[in-house]
Amino acid sequence: MDLDANRSLIAAALERIPGGDRAALQTVYRLTSAKLFGVAIRILGERSEAEDVLQEVYVTVWRKAAAFDAARASPMTWLIAIARNRAIDRLRAGRQNRRMEPIDVAHEVADTAPAADSALENAQDHARLHGCLEGLVAHEHAALRGAFFDGNTYDELAERMKVPLGTMKSWIRRAMIKLKSCLEQ
Amino acid sequence: MTDIDDHSSMSEDELLAAEYVLGVLAGADRAAAERLLQRDAKFAAMVAAWEQRLTPWAREIADVSPPPQVWEAIAAALPAPPRAGLWESLAFWRGLALAGALAAACLGAFLYLGALNREQPLVATIEGGGSRAFVATIDAKRGTVAVVPAAFSADPTRVPELWLIPADGKPRPLGLLRADRPVFITIPPEFAAQAVRDAVLAVSLEPPGGSPTGAPTGPVIGTGKLTSL
């Protein structure tokens with residue numbers, strides 16, 4: 001499907017939700033739930049909790065759709081942020097993160113090519129971010145990956161990468177500063 | 001190697017926004033970021049900017065189709081739709097139709113609408129040949145017209161079509177009607193401004209599928225003026 005058309009379909013449906021249009025929420029769900037379910041599974045590491053989170057996400061969308069501003073944010077960015085936050089909340093409320101195997105920077109897998117997803121995200125934005133991430137030091141890149149995809153905290157990342165907590169904080173903060181500066185060029 | 005504490009290019013608040021979006025905060029730190037997000041518009045803007053920067057990374061995550069029970073659970077968790085139910089309940093209208101009490105149908109509709117709408121509904125009794133064929137009620141707020149069949153018998157070869165005839169006398173097609181049950185039509189937005197008091201509703205008999213020309217082609221079996229109660 002044409003990307004812009006898909007984006008405006010989602011944005012238009014989001015705008016109808018504050019009026020109580022259930023069909024509009026169903027349209028948003030139909031167009032976006034596979035992506036958001038993938039995100040929730042990736043962070044939580046299993047399906048049944050991801051199903052609960054997905055349900056919470058769309059009930060949140062129903063309640064908060066009026067806060068979405070199509071002029072300021074892409075609808076997918078807004079939705080994925082809600083899904084990541086709900087999944088992280090669930091992760092923090094539960095036991096320790098399942099993803100605690102040591103991160104070996106030398107053998108860290110490189111970023112994969114974009115998955116064959118519903119192509120809702122802008123490919124150019126991804127390519128630019130990818131280029132900037134490649135410019136980071138390997139351990140910084142690995143730490144950001146652990147946080148973004150595995151939902152690890154500072155403490156968990158320090159344990160997985162066998163460095164003191166203060167070192168991990170410095171790595172991440174410095175990586176974020178470099179990332180911002182690279183993306184602004 | 002540069003000083004690792006050199007954060008000069010980003011304020012503490014912006015670093016907190018970045019950490020929050022990345023997801024590395026836990027416990028009190030995450031709660032503090034969420035509180036700030038609620039009450040500090042500047043911080044909220046920083047969070048939105050970091051979401052914009054990092055979210056494209058999620059493109060690497062493959063889609064996974066959720067099982068159908070997830071949508072069912074969501075639909076069940078939503079509040080009941082406002083003003084649905086009785087108004088759209090076919091059984092309700094059928095019950096009234098079976099009673100054969102047109103007056104009751106009108107009364108029921110208006111009592112119901114009156115209880116829910118501050119705006120007065122418009123009603124037209126569509127009559128022709130000495131009998132009432134349909135009763136139409138317009139809900140201007142929702143932009144819909146409900147048409148209940150009264151003394152109208154189905155014609156095997158032709159279908160009843162509803163027209164709106166405003167002051168200019170030109171009929172606008174609203175939709176096809178049924179002899180056996182009420183029909184709820186959404187008034188096309190371009191005609192909504194003309195669905196006002198004293199405009200006329202008319203029903204003509206048209207070939208299956210409706211008038212091919214956009215204007216009535218068959219006999220007009222009834223007309224009625226829109227009035228407010």
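Me: In which hand does α3(A) pass α4(A)?
Reply: α3(A) passes α4(A) in a right-handed crossing, where right-handed means that the near helix is turned clockwise from the far one by less than a right angle, and left-handed anticlockwise. Helices (H or I, at least four residues) and strands (E, at least two) are DSSP runs, numbered from the N terminus. This is a predicted model, in which local features need pLDDT of at least 70 and side-chain atom pairs count only at pLDDT 80 or more, while totals for chains, interfaces and linings use all residues. Residues are numbered from 1 along each chain as its sequence is written, and chains are lettered from A and ligands numbered from 1 in the order in which they are written.

Me: And at what angle do α3(A) and α4(A) cross?
Reply: Their axes come within 9 Å and cross at roughly 130°, with axes being lines fitted to C-alpha atoms, for helices over the stretch in contact, and angles running from 0 to 180 degrees between N-to-C directions. α3(A) and α4(A) are therefore oblique to each other, given that angles under 35 degrees count as roughly parallel, over 145 as roughly antiparallel, 65 to 115 as roughly perpendicular and the rest as oblique.

Me: Which residues of α3(A) meet α4(A)?
Reply: Glu49(A), Val53(A), Glu56(A), Val57(A), Thr60(A) and Val61(A) do, and they meet residues of α4(A) including Leu79(A), Ile82(A) and Arg86(A); contact means C-beta atoms, placed from the backbone, within 7 Å.

Me: Moving along chain A, how do α7(A) and α8(A) pack?
Reply: They pack at an angle of about 105°, with their axes 9 Å apart, and that makes α7(A) roughly perpendicular to α8(A). Among the residues that meet there are Tyr154(A) and Met161(A) in α7(A), and Leu165(A) and Lys169(A) in α8(A).

Me: How many residues of chain A are in contact with chain B?
Reply: 54 residues of chain A are in contact with 36 residues of chain B. The elements giving two or more residues to that side of chain A include α3 (47-64), α4 (75-93), α7 (154-161) and α8 (165-183).

Me: Switching to chain B, how many helices and strands are there?
Reply: Chain B has 7 helices and 9 strands. Strands β4 (residues 159-165) and β5 (residues 172-176) of chain B pair in the antiparallel sense over 4 bridges, pairing being counted if DSSP finds at least two bridges between two strands.

Me: Where is the positive phi in that hairpin?
Reply: Gly169(B) takes a positive phi near 80° in the hairpin of β4(B) and β5(B), which has 6 residues between the strands, and the bridge partner of Leu164(B) in β5(B) is Arg172(B).

Terms used
Contact = placed C-beta atoms within 7 Å.
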